[in-house]
Amino acid sequence: MISLSDSQKIGMGLTGFGVFFLFFGMILFFDKALLAIGNILFVAGLSFVIGLERTFRFFFQKHKMKATGFFLGGVLVVLIGWPVIGMVLEIYGFFLLFRGFFPVVIGFIRRIPILGSLLNLPGISSPT
């Protein structure tokens, strides 16, 4: 079991609420207010979970500047009031930022009983 500090627990809650608001904002036809709240909660929760300094170092590494620009630019565009364009920018930036984590996540999902069997189907599994 992983022990979390109180600030990390708060960060997990903020991140969870951020994802919830982002999801609902997209379901409700890109509602500006929900997407803005979700973006703010997600970034704040990430800062609480890994710390302010590590968050800053993660986003502003030299090789991740393009991805950070797209992600934070998308957040800014959503806050300005163009939610569809902002979310497209954010999603592109998110995939660029976190593409190194996707193999780890897929490996973890492959160990979950039902989801793992779905990921191992011939049309879905990658040829290795």
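The stops below start with a helix, move to one of its charged residues and end at the core.

A word on ground rules: this is a predicted model, where local features need pLDDT of at least 70, side-chain atom pairs count only at pLDDT 80 or more, and totals for chains, interfaces and linings use all residues. Residues are numbered from 1 along each chain as its sequence is written, and side-chain values use heavy atoms, with hydrogens and water left out.

**Stop 1: helix H5.** Select residues 83-98, which form H5; helices here are DSSP runs of H or I, at least four residues, numbered from the N terminus. Now colour the buried residues of H5: Pro-83, Gly-86, Met-87, Glu-90, Gly-93, Leu-96, Leu-97 and Phe-98. Buried means under 20% relative accessible area, with a 1.4 Å probe and protein chains only. The cover over them includes H1 (6-27), H2, H3, H4 and H6 (102-110).

**Stop 2: Met-87.** Click Met-87, which is buried with a relative accessible area of 4%. Leaving aside neighbours within four places in sequence, Met-87 is in contact (heavy atoms within 4.5 Å) with Leu-22, Met-26, Phe-30, Leu-35 and Val-78.

**Stop 3: Glu-90.** Show Asn-39 next: its side chain makes a polar contact with that of Glu-90 at 2.9 Å. Such a contact is a pair of N or O atoms within 3.5 Å; within protein, one must be able to donate a hydrogen and the other to accept it, and residues adjacent in sequence count only if both atoms are side-chain atoms.

**Stop 4: helix H4.** Select 65-80 for H4. Its buried residues, among them Thr-68, Gly-74 and Val-77, pack against H2, H3 and H5. Just past H4, look for Gly-81, with a positive phi of about 130°.

**Stop 5: the core.** Finish with the largest nonpolar core, 10 residues including Phe-42, Phe-58, Phe-71 and Leu-96. A core is a set of buried Ala, Val, Leu, Ile, Met, Phe, Trp, Tyr and Cys residues joined through side-chain atoms within 4.5 Å.

Definitions and conventions
Helices (H or I, at least four residues) and strands (E, at least two) are DSSP runs, numbered from the N terminus. Buried means under 20% relative accessible area, exposed over 50%, partly exposed in between (1.4 Å probe, protein chains only).
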